[in-house]
Amino acid sequence: MTEPERVCMAAEEKFALAPADPETTVALLVLTVPLGVLSLVGVAVGISDPAELPGFLAFLGGVVLVIVLLVAVLFAFTPTAYILDAQGIRIARRFARPVLVPYARVRRVALRQFPGPPNIVWLGSYPLRGFFGYFGRFRVERLGWIRVYATSWDGEMVVLETDREPYFLSPAEPQKFCEVLRTRLCGTAA
């Protein structure tokens with residue numbers, strides 16, 4: 001191997017994620033429409049009985065606070081990019097620490113097509129699926145425990161089979177991602 005090739009392999013390569021599934025938009029609507037309805041109810045309560053308005057506003061404020069905190073946590077863990085660097089596959093997230101999958105743990109790389117999000121039997125260690133993406137550990141019918149760091153189940157997904165559990169990723173260019181990853185693995189994975 002020549003010196004320029006070694007330098008090229010050591011440089012990190014960043015891959016964008018696939019566009020988000022429509023579930024993100026639906027989830028945002030499911031949260032904002034009830035808040036709008038509650039606000040209208042509050043206005044109606046305030047007009048009909050002004051004495052009830054402070055209690056209702058306190059309730060509405062509590063609901064808004066819980067929703068804002070939930071959205072903030074989900075937003076923080078959302079995957080933003082896949083970075084192939086010298087150590088392994090780094091999954092960048094918005095405000096949370098990145099996830100690293102060392103190359104030595106990868107046993108096989110495959111492309112798979114799914115008809116949509118699988119039926120999740122048991123949530124693992126992370127928040128709900130489909131809101132800003134799919135991320136965390138889940139128990140899925142016929143697949144067992146998996147780790148997902150994806151924004152979409154449409155199109156092809158990259159499946160990294162590791163010595164522990166598979167990782168499901170959704171790069172915007174799955175074929176190119178697999179080619180570059182296999183080059184970095186130097187034939188150690190199928």
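**A walk from Leu143 to the cysteines**

Start by selecting Leu143: setting aside neighbours within four places in sequence, it is in contact (heavy atoms within 4.5 Å) with Arg112, Phe114 and Phe168. You're looking at a predicted model, where local features need pLDDT of at least 70, side-chain atom pairs count only at pLDDT 80 or more, and totals for chains, interfaces and linings use all residues. Residues are numbered from 1 along each chain as its sequence is written, and side-chain values use heavy atoms, leaving out hydrogens and water.

Leu143 sits in the loop between strand E7 (134–140) and strand E8 (144–150). Strands (E, at least two residues) and helices (H or I, at least four) are DSSP runs numbered from the N terminus. With a relative accessible area of 28%, Leu143 is partly exposed; on this scale buried is under 20%, exposed is over 50%, and partly exposed is in between (1.4 Å probe, protein chains only).

**Next, the open sheet**

Show strands E1 to E4: they make an open sheet in the order E1-E2-E3-E4, with antiparallel pairing. Its edges are strand E1 (13–16) and strand E4 (99–102), each pairing on one side only. Pairing here takes at least two DSSP bridges between two strands. Zoom in on E2 (residues 79–84) and E3 (residues 88–93), which pair over five bridges in the antiparallel sense. Pick Leu84 and you'll find its bridge partner in E3, Ile89.

Then hop to Ala96, in the loop between E3 and E4. Ala96 is buried at 18% relative accessible area, and its contacts beyond four places in sequence are Ala76 and Phe77. Thr78, 18 residues away in sequence, is 8.3 Å from Ala96, C-alpha to C-alpha.

**Over to Thr162**

Select Thr162 in strand E9 (residues 156–162). Thr162 is buried, at 11%, and its side chain reaches the backbone oxygen of Glu165 at 2.6 Å. Beyond four places in sequence, Thr162 is in contact with Val101, Arg105, Val106, Arg107 and Tyr167.

**Salt bridges**

There are seven salt bridges in the structure, each a side-chain nitrogen of Lys or Arg within 4 Å of a carboxyl oxygen of Asp or Glu. Glu161 is partly exposed at 31%, and Arg108 is partly exposed at 39%. While you're here, highlight Arg105, Arg107 and Asp163: salt bridges with shared partners join them into one network. Within it, Asp163 and Arg107 have their closest N and O atoms 3.8 Å apart.

For another one, pick Arg184 and Glu13, at 3.4 Å between the closest N and O atoms. Arg184 is in helix H4 (residues 174–185) and Glu13 in strand E1, 171 residues apart. Arg184 is buried at 8%, while Glu13 is partly exposed at 27%.

**Last stop: cysteines**

Buried or exposed: which is Cys178? Cys178 is buried, at 1% relative accessible area, whereas Cys186 is exposed, at 59%. Taking a disulfide as a pair of cysteine sulfur atoms within 2.5 Å, the count is zero.

Technical notes
Polar contact = N/O pair within 3.5 Å; in protein donor to acceptor, adjacent residues only side chain to side chain.
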